[in-house]
There are 4 protein chains.
Amino acid sequence: MAGSSFGTILRLTTWGESHGPAIGAVLDGFPAGMPLTEDDIQIYLDRRRPGQSAVTTSRRESDRVEILSGVFEGRTTGTPISLLIRNTSQRSSDYGDLADCFRPGHADYGFQVKYGLRDYRGGGRSSGRETAGRVAAGAIAAKLLSIMGITVTAYVSAIGPVAVPDSVRGMSTAQILDARDTQTCMPDADSDREARAWLASLREEMDSAGGTVECRIEGLPAGIGDTVFEKLDARLAAALMSIGAVKAVEIGDGTAVSAARGSDNNDAFIPGPDGEGSVAKRTNHSGGILGGMSDGSPVLLRAHFKPTPSIAREQETVDTDGNVRRLAIRGRHDPVIVPRAAVVVETMCALTVLDAMLLNLSARAENVIGFYRK
Amino acid sequence: MAGSSFGTILRLTTWGESHGPAIGAVLDGFPAGMPLTEDDIQIYLDRRRPGQSAVTTSRRESDRVEILSGVFEGRTTGTPISLLIRNTSQRSSDYGDLADCFRPGHADYGFQVKYGLRDYRGGGRSSGRETAGRVAAGAIAAKLLSIMGITVTAYVSAIGPVAVPDSVRGMSTAQILDARDTQTCMPDADSDREARAWLASLREEMDSAGGTVECRIEGLPAGIGDTVFEKLDARLAAALMSIGAVKAVEIGDGTAVSAARGSDNNDAFIPGPDGEGSVAKRTNHSGGILGGMSDGSPVLLRAHFKPTPSIAREQETVDTDGNVRRLAIRGRHDPVIVPRAAVVVETMCALTVLDAMLLNLSARAENVIGFYRK
Amino acid sequence: MAGSSFGTILRLTTWGESHGPAIGAVLDGFPAGMPLTEDDIQIYLDRRRPGQSAVTTSRRESDRVEILSGVFEGRTTGTPISLLIRNTSQRSSDYGDLADCFRPGHADYGFQVKYGLRDYRGGGRSSGRETAGRVAAGAIAAKLLSIMGITVTAYVSAIGPVAVPDSVRGMSTAQILDARDTQTCMPDADSDREARAWLASLREEMDSAGGTVECRIEGLPAGIGDTVFEKLDARLAAALMSIGAVKAVEIGDGTAVSAARGSDNNDAFIPGPDGEGSVAKRTNHSGGILGGMSDGSPVLLRAHFKPTPSIAREQETVDTDGNVRRLAIRGRHDPVIVPRAAVVVETMCALTVLDAMLLNLSARAENVIGFYRK
Amino acid sequence: MAGSSFGTILRLTTWGESHGPAIGAVLDGFPAGMPLTEDDIQIYLDRRRPGQSAVTTSRRESDRVEILSGVFEGRTTGTPISLLIRNTSQRSSDYGDLADCFRPGHADYGFQVKYGLRDYRGGGRSSGRETAGRVAAGAIAAKLLSIMGITVTAYVSAIGPVAVPDSVRGMSTAQILDARDTQTCMPDADSDREARAWLASLREEMDSAGGTVECRIEGLPAGIGDTVFEKLDARLAAALMSIGAVKAVEIGDGTAVSAARGSDNNDAFIPGPDGEGSVAKRTNHSGGILGGMSDGSPVLLRAHFKPTPSIAREQETVDTDGNVRRLAIRGRHDPVIVPRAAVVVETMCALTVLDAMLLNLSARAENVIGFYRK
């Protein structure tokens, strides 16, 4: 089954294994005429790049992207944009003893049962490395959104027991961007320090941490998203849950809504700031989405990532013959994934939102008629 | 944009508005040869039916389903199964004063901005009534799953501040089914009583409650689901988040994973009970899904529903001209949605899982070759 | 496999069997705000209706369409439009002796092998009656096209050995519409008379005839259709080849191109009539499509239909046990299908073209930006 | 719009421009476990390769394919297979004067209108070079088909006025393969000689020729293909019409059916050679497809290609400002496309048929149940 594609009008296909010669992506359906260079993409890839600090894996990949198609004389042409990233730091030797062994918390067992064989080197296709293709393609979507005044901003809000203060949610996007440039991607210096201390202690215990990424989408007009199965929140949930380690996705007040009352949870509509007939909301419990469509308020999302399953501590498992095995995973692994995952959340949201905006172009007959009249 | 379809090989399309003449569904791609009667479906629809108790809306719909195609001499034929449910208890007069007014917490505003007009009667297409089509179609999927020994079981685990005790998660599916037949769909008599008391008090305050539905899928073999974007959890998340009031979806330990350590969160693989080479897991933090594929343990999901947005209490809003309005919603509304939503969660999971199982048939070349050799 | 849906943004799903209680269609993704009544659709259905003349089946179906959703106060709402047509003249008794027998030229054998069972009454799902759903939905697409000045016009150009004169291709669309109202749907009185005579002689011989339908799409702007696999001609070919009896599809000069020279086949571009920068073509060998996109000239198509396979003359076949059988098909069958198929060709083209136009809205970044700026 | 993907379970995405750094393809959904090397693919690419003889373009491309993912230790893994082919012989200087000029018979004008800009070098994305990605991916599908005893064989049946004798249709596939290795890909020495002579004369006249490719698919079991819109013939027609220069597609008797009688066109079913209950057909007018499903007889297709539009003879056209221009296309172009297009037809058919076979795995409930019981 072709599971490596995402989107309807704007369609991303990723390919590649952790220890193959390269990984990449094809982004089809992107509108023609937008200026695009490899630098626009590299900025995003660099945020995801391994080997950046004490809180990420020591695997070093330059992750230089090559645009192989879809751009001519510096502008997108409307044809598929093929993006190639060579793998340069494979150390497959790290994985020899994993060839016949199912790592706990990993996809190994499912792969073996499903396909009868698997590329065991670094998780093969199920490696987090696959997300480099998403980030490269999502950077292109984010650029077009940004031209339209729409920003997508993700940051780490929790690592293990360390959570950013509530005040972070009150910060402007500009403030977030300023404060986010920490090793943990937490936009709060105290939290960053505490989280790093905790990660250091975990490393000594040969253990790993989970974390939370929050994302806000600002500037999105109302009415984006479709009814029923293609609701904006349903698509965003799929986008985020498709990232390897995510185990929960929340929109707006998220899990808290089940304990809330209607009179508290409903956001009152009020006259908006843009003059006659404009509409705003007094609060944003909805997280910017009502009935599957954007409501004009910022879209607020939260994705919860499980701890990196690859830990140096010895674990119990079985091999492909069903024999009990003791396993200590060496390799080079992130003690926590969220600092590098924030940009993956951001770019997946960008792809999802842009696709929904392109689909929305045909919502009204009058607009279709108007488009072809000119 | 065609947002009313769901699934790849097994494809559901729903249609219909709350106050139109009928609602319905077309289920295409269902395998041929399974015995099917309207009674198989009606059992599920009856669980979703309004007007059943003090904790649901007083709108009375018999919700009788008619099979219009795809079944011949009592068996499915492989062609689209068309399901029709007539609306019989429309009271559109309830909605006259809502025609030009955006109800807080509803899709009204998004609809208006997107389409320029909307069927304001009972929310039109965004009404929870749309889910009747899902339930009818999902009942068919659930039947085939059940023939294969796979059960999908949902129940209410929380209503407002009232949550079922943890012991519920240790109950067998048979015990859940026995205990679930309460007005609240909570499989615990004390919780049910408490929740009903709380709902009664809310009703007096002209307010509404949120709640949580938990679902477990048992008997699912390992390896179901696809890699990358079509992960089983990504598809389930989309399935559940596409239900009107859902604001968060969790798999397994869900939001708790972000505070966990790898050594706790990883589930050790152990030799399974089915003899040589079989594999099981010591714990199930993963909720039965690893790397986007089922891992052989029960799949565990949780969906959080916001409080019913239609409340009799006066609310602040604006109308289509941007004027401030005071609004008290009369109509007939559920004080809490989860008792009727449990079966919606169940059937959406059934559709998702069966589709993934059909897609999985082509995973191995040897199976494809074997199929056509016979 | 879900084979009963067609289109990407504008998505049609049909359902129903020849002798079930009803047939129908769901048209999802249709833009909101277009005025629509059942009469708009009925006009098209009446052109496909059986029992109209000596050259069609004597089965009488009123084929009244009911709109069950997606229209509110006379306008489309952007939600799925559900269309229902009750079957009223089933005579399943005609088919009793066909239950275990494979009719030559029909889908019976394939159905049996694929699904292991089949609704043998009137061909079940493979009956031409399925096209009523297409016509009903396509009528809606044709209305929006017509508002944009785009007309889709089909007529019968050949029945058996009788072909319309070449002069027909030089007639204006208005002239075609005037002349097309014959029993054979041939826009030429002499051809109509000859064809009817020939059909009468065939009927005596208990035989049937094939025929050809030509279609022209006028007013379509250039640039519609997508590159590579979603070329406009590829989509139109699929649309027409999906009609039961079609065995060949031609665009423009069609099969003749293989014997042509480049210097003859190329259409010279010339300055167009619409002033500065406008472009036209001196000839139209391309049939209005170049490189998979419309080129501004009329789109010209031709579909070849095989003779009705149901004939009263005795035929040789086998039954489901592989025994030799002699078969004379009674029932009520069209001696030739094309007079009723012209409107099916027309509506399938309308659905295809409108979908391609909706997809085209997102081709240019500047248009996307402009849409959201307003 | 994402037009560069094809297929449902087995999904091909191609990318790349004629004069960009590379072209390629991603084949997703291919079953795991099939042995695959680059040589398996290269054999097919070599048949499409330019610069092979007097009847093809003098552009020389080695067209070496690199497998970048989806294969591990010599076997497919079930993950996307990424295929890369570097462009090495770009001579973009040939195209400088075409930058603002619409070549007759080409996609230039449509591209310009649709996207507002275009990569004019060698037709950019609309170049026939795009088909190298299809051939590379299709070779993989053809290998799995061949393991299952299904062969797909295409040859040139006509070039301009020169057509192979009818006896070719009576040749066995082995005979065709023997005889097909001519410069024209015609499996008949006399026709090949005549056609080459004719092409030589055209070349002197600075003109080009059209041609016809016939394809037969043998060994395909009955019941492959889906009903209604996903009929096997509809999918094959789309597959072939999506090849740049194809203007007509025929199945079986093709255009001839419109002049036929039912009693002649119907193929009688007879007891088959495989013993009890097996079914065969006395004739094969249907071309192996009835009601959209394979009927067990060889599938017979015919695609008509227009003459190469790039001719050295001077042509009339306009430029992007609407000015009249005289144009003589230099570059390096095939005087006729069909000798190299036969393998494109073959591989597109292989992809289409294999996808339909994968979809067919879920047709019967009993098979689904049986698969999961083991």
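**View 1. The interface of chain A and chain D buries about 3,200 Å².** Carbon and sulfur atoms make up 63% of the area buried between chain A and chain D. The structure shown in this and the following views is a predicted model. Chain A brings 44 residues to the contact and chain D brings 44 residues. On the chain A side, A:L68, A:F72 and A:L117 supply 19% of the area buried against chain D, more than any other three residues.

View 2. Chain A and chain D share two salt bridges. Between these two chains there are also 10 residue pairs in polar contact, with both residues at pLDDT 80 or more. The elements of chain A that give two or more residues to the side touching chain D are the strands β2 (11–16), β3 (22–28), β4 (65–67), β6 (75–76) and β7 (81–86), together with helix α2 (108–115). Strand β2(A) gives the largest share of this side, five residues. By class, the side of chain A that touches chain D consists of 17 nonpolar, 16 polar and 11 charged residues.

**View 3. Chain B and chain A bury about 8,400 Å² between them.** Of the area buried between chain B and chain A, 60% comes from carbon and sulfur atoms. The contact involves 107 residues of chain B and 107 residues of chain A. B:M1, B:F229 and B:K247 account for 10% of the area that chain B buries against chain A, more than any other three residues.

View 4. Helix α2 (residues 108–115) of chain B provides the largest share of the side of chain B that touches chain A, seven residues. That side of chain B holds 47 nonpolar, 38 polar and 22 charged residues.

**View 5. The side chains of B:R261 and A:E205 form a salt bridge.** The distance from N to O in this pair is 2.7 Å. B:R261 lies in the loop between β11 (246–251) and α8 (262–265) of chain B, and A:E205 lies in the loop between α6 (189–204) and β10 (211–218) of chain A, so the pair crosses between chains. Over all chains, the whole structure has 124 salt bridges.

**View 6. The largest cavity holds about 1,700 Å³ of space.** The structure contains 17 cavities of 30 Å³ or more. In the largest cavity the lining is made by 50 residues, and A:R11, B:R11, C:R11, D:T8 and D:R11 lie nearest its centre. Elements giving two or more residues to this lining are β1 (5–6) and α7 (232–241) of chain A, β1 (5–6) and α7 (232–241) of chain B, β1 (5–6) and α7 (232–241) of chain C, and β1 (5–6) and α7 (232–241) of chain D. Helix α7(D) supplies the largest share of the lining, four residues. Sorted by class, the lining residues of the largest cavity are 24 nonpolar, 12 polar and 14 charged.

Note on methods: Residues are numbered from 1 along each chain as its sequence is written. Chains are lettered from A and ligands numbered from 1 in the order in which they are written. This is a predicted model: local features need pLDDT of at least 70, side-chain atom pairs count only at pLDDT 80 or more; totals for chains, interfaces and linings use all residues. Side-chain values use heavy atoms; hydrogens and water are left out. On a 1 Å grid over the protein atoms alone, a cavity is a set of points where a 1.4 Å probe fits but cannot get out, and a pocket is an open set with protein on both sides within 12 Å along at least five of seven lines; lining residues have an atom within 4 Å of a point. Grid points are joined across faces, edges and corners, and a volume is the space filled by probe spheres set on the points. Ala, Val, Leu, Ile, Met, Phe, Trp, Tyr, Cys and Pro count as nonpolar, Asp, Glu, Lys and Arg as charged, and the others, Gly among them, as polar. Contact means heavy atoms within 4.5 Å. Buried area is the accessible area (1.4 Å probe) that two parts lose on being put together, summed over both. A salt bridge is a side-chain nitrogen of Lys or Arg within 4 Å of a carboxyl oxygen of Asp or Glu. A polar contact is a pair of N or O atoms within 3.5 Å; within protein, one must be able to donate a hydrogen and the other to accept it, and residues adjacent in sequence count only if both atoms are side-chain atoms.
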